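Here are some notes to read beside the model.

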Amino acid sequence: MERKFNWGVVLGLALLGFSRSMGWALNKGFSFPLLSDYTSSAFVKGSILALEGFIGLIIPPLLGYYSDTLKSRHGRRRPFIFIGGILAALATLMIWTAYRMGAPLWAFALTLGFLYFSLHLYTAQFRALMPDTVESGQRGKASGVITLLEWAGNLFLFGLGGFLVAKYGKDYIGPFGLTALFLFIAAAFVYHKVREPEAPEIKENESLSGYVKSIFATKDFLKFYTAQILWWMSFEFIAIFLYGIIAFILKGSATPENIDAVTSMGLYLMALFNVAVLVGSLPGGYIYDRVGRRLSIIIGGFIFALPLLWGWFIHTEAQIYLALFMAGIGWGALIAASYPVVGDLLTKFEKEAFTGRYYGVYEATKSIPVLLAGTVGGAIVDLAGGNYRILFPIGAILVFLAMPLIWSMKELEVRRE
């Protein structure tokens, strides 16, 4: 029996996505500048930020697997969401406290690791609730709304953060306290107000090793996950090292003083990027449902990659803003179009009871790029003599490599709804 599109559930998930995006945006917007007060090495900073990737590689697939089979009166997903939200709220306050107290680098790095662990406690469960509650032909619309609010959370944090940094400095508690509040409220709201559908009966449960093997045995899953690793690695090259890129282009080097000088601009630039993502996300979800899965992803990918090629040649502040705005439109379309893919493949292969575990792997393939981009990207920059600009064309090439994989996914297209 076809389920009716539930706006309440979708908006609840969108609120959860909004708060989680604030948490990730806090990390992207403040961790690099704060770490720059400890060390000038791109490799050291990138390696610490790569903890996000290491944790995300392990936790979402594992807990996503166990949430599929959880038998609880509280639901399969909501207990993880509530606990993770509370811990993530606490972690944001710990980061600010550790920095203000002058904690050593290793202790500050641990607080960042605790934030990554907390947010990833419910990453797979948050993702799985959408295909759990929305039919295949409606998932593009749901994805567009959820993506819209997720990136609105980024925009809100980056815009507010840029203003507060310009006014009070980068160690002001405002962004940290507000993020903690939203993380707690959203997790509590979903736990108390969103009702999960009845869990499907799992007649033949996949073992933990079995479901990992099935990913490699099913070519379309393997192609999609590989493509996602490539385009997210491209994104993370820019996101992790954006302050270094701006400082190198405008100031000639990424010294701590130059990074401090561009921190406010970097936050505003991230806010602008997220405005562009919002512009691209809603049509991206619509196109996914209407004109084809593969084509919509490829269109978004090329729109994202072309400004990165241009990035090697830009020299002015205006050019940086324009390039990132253009890339953001493509990124919004790409993300909105790629989010429903796992759910649709599970429908195709009659594995809809396993959304938690497969979306866990979906999130792990977004974490691998963080791990690689932080370490490999930092090493590339150091080997290039501190030239952060080199990350632009490398990122574009990675996206172009992903597109043939998507086009070759034979089982992705479904009948038009």
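1. A polar contact here is a pair of N or O atoms within 3.5 Å, where one must be able to donate a hydrogen and the other to accept it. In this predicted model, Ser41 caps the N-terminal end of helix α2, with a side-chain oxygen 3.3 Å from the backbone nitrogen of Phe43.

2. Helix α2 covers residues 42-49, and its buried residues include Ala42, Lys45, Gly46, Ile48 and Leu49. These residues lie on the same side of α2 because they cover an arc of only 160 degrees around the axis. As a general point, an α-helix has 3.6 residues a turn, so residues three or four places apart point the same way.

3. Is Lys28 buried or exposed? Lys28 belongs to helix α1. Its relative accessibility is 14%, and the cut-off for buried is under 20%, so Lys28 counts as buried. The side chain of Lys28 makes a polar contact of 3.2 Å with the side chain of Glu236. Leaving aside residues up to four places away in sequence, Lys28 touches Glu52, Phe158, Glu236, Ala239, Ile240, Tyr243 and Met270.

4. The next points concern empty space. Rolling a probe the size of a water molecule over the atoms shows where such space is left. How many cavities of 30 Å³ or more are there? The count is 3.

5. The largest cavity holds about 610 Å³ of space. It is lined by 34 residues, and those closest to its centre are Trp151, Asn154, Trp232, Phe235 and Glu236. Glu236 is also the residue whose side chain makes the polar contact with Lys28. The elements giving two or more residues to this lining are α1, α6, α7, α10, α12, α13, α14 and α16. By class, the lining of the largest cavity has 20 nonpolar, 6 polar and 8 charged residues.

6. The second largest cavity holds about 60 Å³ of space. Its lining consists of Asn27, Lys28, Ser31, Phe32, Leu49, Glu52, Ala239, Ile240 and Val370.

7. Which element gives the largest share of the lining of the second largest cavity? That is α1, with 4 residues. Both α1 and α10 supply at least two residues of this lining. The lining divides into 5 nonpolar, 2 polar and 2 charged residues.

Note on methods
Residues numbered from 1 in each chain as written. Predicted model: local features only at pLDDT ≥ 70, side-chain atom pairs only at ≥ 80, totals over all residues. Heavy atoms only, no water. 1 Å grid on protein atoms, 1.4 Å probe; cavity = no way out; pocket = protein on both sides within 12 Å on 5 of 7 lines; lining within 4 Å. Points joined across faces, edges and corners; volume = space filled by probe spheres on them. Nonpolar A, V, L, I, M, F, W, Y, C, P; charged D, E, K, R; others polar. Buried < 20%, exposed > 50% of the residue type's maximum accessible area, 1.4 Å probe, protein only. Arc of directions from axis to C-beta. Contact = heavy atoms within 4.5 Å.
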